Amino acid sequence: MYRKFDVLKTTPSDRRFRPELARQLLYIGIPMGLQFSITAIGSIMLQSANNALGTACVAAFTAAMRIKMFFMCPLESLGMAMATFSGQNYGAGRPERIWTGVKSAVMMMLCYVAVVAVILWTFSGEFALLFIDSSEHEIVYDTALFLHISVSFFPVLGILCILRYTIQGAGYTRLAMFSGVSEMVARILVSKIAVPLWGYWAVCFGDPTAWVFAVAFLIPAFVYVYRRLLVIVQKERGVVVQG
């Protein structure tokens with residue numbers, strides 16, 4: 001490929017370090033890294049609160065999280081696809097297509113969530129048996145309860161992934177980071193206030209509460225970013241026409 005495609009061939013100037021480009025990459029990358037770190041802090045707080053409820057709750061939480069993460073992967077992948085889609089269309093001067101992409105992604109997400117909801121509402125107990133002995137009835141019940149509550153909020157999680165990655169792809173990574181802060185705050189509130197009052201039920205609602213907090217921030221953030229992109233591109237087109 002290197003021999004046949006000239007576009008892959010580089011010159012010494014192409015391999016030179018460019019401080020401006022490095023600053024731009026750090027401006028985008030550092031908030032993305034901090035976002036995941038901030039989100040992890042909230043998850044650690046929630047898990048710590050759950051650990052205080054006893055070994056049965058810990059076992060159920062651990063098994064349910066493994067199953068939930070498996071079914072969450074397509075939602076994350078859909079979000080990452082939107083990051084590429086929004087970046088490419090913004091770069092091509094077609095930001096109006098970003099909204100079209102968001103609507104299409106939401107429709108695909110809802111179709112996937114509908115199928116997953118049927119699977120998890122029907123077979124949560126069977127999935128729990130992959131990690132838990134069938135004689136542990138309480139743990140199996142708690143695992144299924146966690147999965148039932150989580151999958152009920154998967155549409156919110158899907159919107160979160162789509163909007164967050166779309167905003168990141170457009171270059172507004174700080175706004176995406178603040179959505180992670182919203183998640184962290186929600187999980188800390190649940191772990192410090194709700195779990196001592198309602199126990200494992202509150203743990204089950206920990207992640208969904210965080211998703212709701214994040215989406216409540218991301219929807220107006222996306223509206224702001226989308227309108228700003230439209231204005232920027234319109235100005236650039238005006239400059240090109242005048243030139």
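Ring pairs join F70, F71 and F127 into a cluster. Here, rings of Phe, Tyr and Trp (its six-membered ring) pair if their centres lie within 6.5 Å, with planes under 30 degrees apart counting as stacked, over 60 as edge-to-face and the rest as tilted. By this rule there are 8 aromatic pairs.

Some housekeeping before going on. This is a predicted model, where local features need pLDDT of at least 70 and side-chain atom pairs count only at pLDDT 80 or more, while totals for chains, interfaces and linings use all residues. Residues are numbered from 1 along each chain as its sequence is written, and side-chain values use heavy atoms, with hydrogens and water left out.

Now the overall layout. The protein chain has 8 helices and 0 strands, where helices (H or I, at least four residues) and strands (E, at least two) are DSSP runs numbered from the N terminus. Its C-alpha atoms fill a box of roughly 75 × 45 × 35 Å along the principal axes. Of the 243 residues, 40% count as buried; buried means under 20% relative accessible area, exposed over 50%, and partly exposed in between (1.4 Å probe, protein chains only). Take contacts (heavy atoms within 4.5 Å): among those between residues at least 6 apart in sequence, 80% join residues at least 24 apart.

| Pair | Geometry | Centre to centre | Angle between planes |
|---|---|---|---|
| F71 and F127 | edge-to-face | 5.6 Å | 80° |
| W99 and F222 | tilted | 6.1 Å | 35° |

F71 is buried at 8% relative accessibility, whereas F127 is partly exposed at 23%. As for the other pair, W99 sits in helix α3 and F222 in helix α8, so this pair ties together parts that are 123 residues apart in sequence. W99 is partly exposed, with a relative accessible area of 38%, and F222 is buried at 8%.

Next, the pocket. A 1 Å grid is laid over the protein atoms alone: a cavity is a set of points where a 1.4 Å probe fits but cannot get out, a pocket is an open set with protein on both sides within 12 Å along at least five of seven lines, and lining residues have an atom within 4 Å of a point. The largest pocket holds about 470 Å³ of space. Its lining comprises 23 residues, and T39, S43, M69, M72 and R187 lie nearest the centre. Elements giving two or more residues to that lining are α1 (19–51), α2 (55–91), α5 (154–169), α6 (173–198) and α8 (206–242). By class, the lining has 13 nonpolar, 4 polar and 6 charged residues.

Two of those helices deserve a look. In α5, 12 of the 16 residues are buried, so this helix is largely enclosed by the rest of the structure. Its buried residues include F154, R164, Y165 and Q168. From first C-alpha to last, α5 reaches 22 Å, close to the 22 Å expected at 1.5 Å a residue. Just after α5, G171 takes a positive phi of about 100°.

Helix α6 contains S182, which is buried at 15% relative accessibility. Leaving aside neighbours within four places in sequence, S182 is in contact with F213, A214 and F217.

Definitions and conventions:
Points joined across faces, edges and corners; volume = space filled by probe spheres on them. Nonpolar A, V, L, I, M, F, W, Y, C, P; charged D, E, K, R; others polar. Expected span 1.5 Å × (residues − 1).
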